[in-house]
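Single residues come before the whole chain.

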Amino acid sequence: MKKNDLIAAIAAKENCTKKEADKALNLVLDVISEALVAGEKISITGFGTFEVHERPARQCKNPRTGEVMTTKPCKALTFKAGKTLKESLNPNE
């Protein structure tokens, strides 16, 4: 599903215009993005948790040349699905 499909689904489910659905979705995504950039953890009960983790610098090997290299430290976004979402994905378990 792409963003336009998501907007159309929101508009149909909420009985509003696509323009209103687009504005609402963009607001939610902006708030989530700003919070993550600020280092906050986003927890949506029943859906899941978004969190930024620090990845330290580490040694690795170039598979083509065998040269040992050091990667730079970076931040990575992680998502952990909530219990309700997990159960809906695997209803037979």
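This is a predicted model: local features need pLDDT of at least 70, side-chain atom pairs count only at pLDDT 80 or more; totals for chains, interfaces and linings use all residues.

**Entry 1: Lys83.** I started at Lys83 and found it in helix 3, which covers residues 83-89. Is Lys83 buried or exposed? Its relative accessible area is 63%. Exposed means over 50%, so I logged Lys83 as exposed. I then looked back to Met1. Lys83 and Met1 are separated by 82 residues in sequence. In space, their C-alpha atoms are 22 Å apart.

**Entry 2: Thr49.** Next I went to strand 2, residues 48-55, where Thr49 sits. Is Thr49 buried or exposed? I read a relative accessible area of 19%. The cut-off for buried is under 20%, so Thr49 counts as buried. Which residues does Thr49 touch, leaving out those up to four places away in sequence? I noted Lys41, Ile42 and Ser43. I also noted Thr78, Phe79 and Lys80.

**Entry 3: the core.** I asked which residues make up the largest nonpolar core. I listed 5 residues: Ile32, Ala35, Leu36, Ile42 and Phe50. Helix 2, residues 18-37, gives the most to this core, with 3 residues. I followed Leu36 further.

**Entry 4: the fold.** I then stepped back to the whole protein. I counted 3 helices and 5 strands. Along the sequence the order reads α-α-β-β-β-β-β-α. Why is the protein described as more spread out than a compact globule? Its radius of gyration is 19 Å, whereas the globule rule gives 12 Å for 93 residues. The value is well over the rule, so the protein is more spread out than a compact globule. Along the principal axes they are about 60 × 35 × 30 Å.

Entry 5: What share of the 93 residues is buried? I wrote down 14%. Among contacts with a separation of 6 or more, 28% join residues 24 or more positions apart. The protein exposes about 8,000 Å². Carbon and sulfur atoms supply 55% of that area.

Methods. Residues are numbered from 1 along each chain as its sequence is written. Side-chain values use heavy atoms; hydrogens and water are left out. Helices (H or I, at least four residues) and strands (E, at least two) are DSSP runs, numbered from the N terminus. The radius of gyration is taken over C-alpha atoms; the globule rule is 2.2 Å times the number of residues to the power 0.38. Buried means under 20% relative accessible area, exposed over 50%, partly exposed in between (1.4 Å probe, protein chains only). Contact means heavy atoms within 4.5 Å. Accessible areas come from the Shrake-Rupley method with a 1.4 Å probe; for residues, only the protein chains shown count as cover. A nonpolar core is a set of buried Ala, Val, Leu, Ile, Met, Phe, Trp, Tyr and Cys residues joined through side-chain atoms within 4.5 Å.
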